[in-house]
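Q: Could we go through this model together? I would like to begin with the covalent links and then turn to the core and the strands.

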Amino acid sequence: QVKVVESGGGLVQPGGSLRLSCAASGSVFSFNNMDWYRQAPGKERELVTAITRGGTANYADSVKGRFTASRDNAKNTVYLQMNGLKPEDTATYYCNVRFRLTLGGYEIALWGQGTQVTVSS
């Protein structure tokens, strides 16, 4: 069974920092993209950063220069370092992991349960 678990959310003051983690586990052939999304109340879920297996990350314009994604393939874990947090960053942050169960198999996407980030004074 494949699992995706996020952690690291919390309450932080504007200008503060948080580091989110997303750990994937299970018997798979490969974990591919491991992406971060967020969803604020009343808004659609949006892509924050997409990070490939090779570690190449692309960012939404709203977080460029403030957020940094990194990946540890040995641990099947991605991290999202969030600096300079703003109230508009308040949202539930979700990890989406794509994986293949077998060589040449189709790619499957799985969501984690999310972790809440609240930026407020």
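**Disulfide, core and strand pairing**

A: A disulfide joins Cys 22 to Cys 95, with an S to S distance of 2.0 Å. Please note that this is a predicted model.

Q: How many disulfides does the structure hold?

A: The structure holds 1 disulfide. Cys 22 belongs to strand S3 and Cys 95 to strand S9, so the pair ties together parts that are 73 residues apart in sequence.

Q: What is the handedness of the disulfide?

A: The disulfide of Cys 22 and Cys 95 is left-handed, because the torsion about its S-S bond is about -80°.

Q: And is Cys 22 buried or exposed?

A: Cys 22 is buried, at a relative accessible area of 0%. Cys 95 also counts as buried, with 0% relative accessibility.

Q: Turning to the largest nonpolar core, which residues touch the most other members?

A: The core has 28 residues, and those touching the most other members are Cys 22, Trp 36, Phe 67, Leu 80, Met 82, Tyr 93 and Val 97. Strands that give two or more residues to this core include S3 (18-25), S4 (30-39) and S9 (91-100).

Q: Which element gives the largest share?

A: S9 does, with 5 residues.

Q: Now the pairing: how do S4 and S5 run?

A: S4 and S5 run antiparallel and are joined by 5 bridges. Asp 35 has Ala 50 in S5 as its bridge partner. The two strands form a hairpin with 6 residues between them, and Gly 42 in the turn has a positive phi of about 80°.

Q: What does S5 form with S6?

A: S5 and S6 form a hairpin with 5 residues between them, where Gly 55 in the turn has a positive phi of about 95°. Their pairing is antiparallel over 3 bridges, and Thr 49 has Tyr 59 in S6 as its bridge partner.

Terms used
Residues are numbered from 1 along each chain as its sequence is written. This is a predicted model: local features need pLDDT of at least 70, side-chain atom pairs count only at pLDDT 80 or more; totals for chains, interfaces and linings use all residues. Side-chain values use heavy atoms; hydrogens and water are left out. A nonpolar core is a set of buried Ala, Val, Leu, Ile, Met, Phe, Trp, Tyr and Cys residues joined through side-chain atoms within 4.5 Å. Buried means under 20% relative accessible area, exposed over 50%, partly exposed in between (1.4 Å probe, protein chains only). Helices (H or I, at least four residues) and strands (E, at least two) are DSSP runs, numbered from the N terminus. A disulfide is a pair of cysteine sulfur atoms within 2.5 Å. Two strands pair if DSSP finds at least two bridges between them.
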